[in-house]
Amino acid sequence: MRSEIVVIGAGASGLMAAYHAARALVDAGSAAQVTVLEKMPRPARKVMITGKGRCNFTNVKDWNAFSGHIRSKANFVKSAFYNLPSQAVVDWFESFGMPTVVERGDRAFPASHHASDVVDTLVNACLSLGVKIETEAEVASVERQPQGFDVKLVDGREWKCARLIVATGGLSYPTTGSTGDGLRWATELGHKLVPTFPSLTALVPKGYKQTEDKDLHIDRSTPLAELGQQLCGIQLKNIQLSLQIEGTEADSEFGDIDFTDGGLEGPVGFQLSRKAVKALVNGSRVSLDLDLKPGVDLTELTVRIKQLWAEIEKDPRSRGVREKERCRILLGKLMPRELIPGFTAMHPEIITLERRGRADTKVWVNLVSIAKALKSWQFDIAGYVGYERAVVTAGGVSTDDFVAKTMESRVVPGLYLCGEVLDIDADTGGYNLQLAFATGALAGLNAAKSL
């Protein structure tokens, strides 16, 4: 079978590449065929689960603000971004009848908050221009031929094409079809690979999971230890989280975190996970320092805690109440009540037992220690959740081997790569899907122009 342009992968970047290739061909009056090969039964499985099914499909910041959230070489994707800026992506979806809304942090969503609307729009846009989308079409190999490429499928079929666009994603969420095939084909065709690792993933504190294995990859299904059970399900807002690598602060973020069945996640946890995972993989000691009260300094907080303690002691309801119970009352005024068991378990120093005799023990509540713990709650990191639930893959095919203005390979003419298969990744918040759409659009446009 023959198609002038073949796109491997019907994800965000692949479908956008197919649409823009077909659009360019139709506008030029060409009848050349664009075909998308997708190994899964349905297109864009990963898009369907993005943003917990709500699909934050782009971020409408301008380039200067947007580029600060790119964790790889931002300059490589600058041309792609300007070819299809964030607002243009919003306009594109709306032009196909999908209403959108922009929420806090410049994050754009379908107005329905259903990821299926994003997928349906991408698919229908492609079909409207005659793009052929073949599902359950798993590619086994890619071979370079004198006049183009020979794409062989697992079921024995073959596709021949003049231009090939590889948009197979990285290694994250392999159940959606991202199993690293494109990385393998690119290296077989002579491209360099930047080492990959999971990013935007859960970091697992020591003692959080029931594991004695020294493997840094701690599967999400590993049962929670007692500490994990105490913390799982708690969300904390407006905190400061600092990443420590070998005892030195490497990064710090303000915002929200979630304790989940995987470990420490949420927007701020994800932001720090890339550097944390990379440091762990490189053998460094990693910890997170949680400041529950970033709005006040230690001195102010200590004074406030002492005032609260004095109020509790004066309260008639405190008569006959043991010190440990008074301590819980105090902590309830300083943090969500569900956080108290985990907090006290990790900070035994806030309670001191003084033995005055064989049968006489005095309990002291260390108010200064509570203040210090609230300002600096240390989590030593044992490992991370791997690709099975990582949002994106850091690393990938080296962008040094590709022309930024076209997405074409410098090594293999006629070959284009886009999206997560390349060494491009960014923060959570719509940035990664925007990069997928932008690089896909540029690859598709230039593949069609080069015919």
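Mentor: A nonpolar core is a set of buried Ala, Val, Leu, Ile, Met, Phe, Trp, Tyr and Cys residues joined through side-chain atoms within 4.5 Å, where buried means under 20% relative accessible area with a 1.4 Å probe, protein chains only. This is a predicted model, in which local features need pLDDT of at least 70, side-chain atom pairs count only at pLDDT 80 or more, and totals for chains, interfaces and linings use all residues. Residues are numbered from 1 along each chain as its sequence is written, and side-chain values use heavy atoms, with hydrogens and water left out.

Trainee: Which residues have the most contacts inside the largest nonpolar core?

Mentor: They are Phe57, Leu164 and Phe437, in a core of 89 residues. Helix α14 (residues 431-449; helices are DSSP runs of H or I, at least four residues) contributes the most to this core, namely 12 residues. Apart from it lies another core of 53 residues, including Leu272 and Val385.

Trainee: What does Leu164 touch, beyond its neighbours within four places in sequence?

Mentor: Leu164 is in contact (heavy atoms within 4.5 Å) with residues including Val6, Phe149, Leu415 and Tyr416.

Trainee: Changing topic, which residues line the largest cavity?

Mentor: The lining consists of Val166, Gly182, Trp185, Ala186, Leu189, Leu415 and Leu417. A cavity is a set of points on a 1 Å grid over the protein atoms alone where a 1.4 Å probe fits but cannot get out, and lining residues have an atom within 4 Å of a point.

Trainee: Which element gives the largest share of that lining?

Mentor: Helix α7 does, with three residues. Six lining residues are nonpolar, one is polar and none is charged.

Terms used: Buried means under 20% relative accessible area, exposed over 50%, partly exposed in between (1.4 Å probe, protein chains only). Helices (H or I, at least four residues) and strands (E, at least two) are DSSP runs, numbered from the N terminus. On a 1 Å grid over the protein atoms alone, a cavity is a set of points where a 1.4 Å probe fits but cannot get out, and a pocket is an open set with protein on both sides within 12 Å along at least five of seven lines; lining residues have an atom within 4 Å of a point. Ala, Val, Leu, Ile, Met, Phe, Trp, Tyr, Cys and Pro count as nonpolar, Asp, Glu, Lys and Arg as charged, and the others, Gly among them, as polar.
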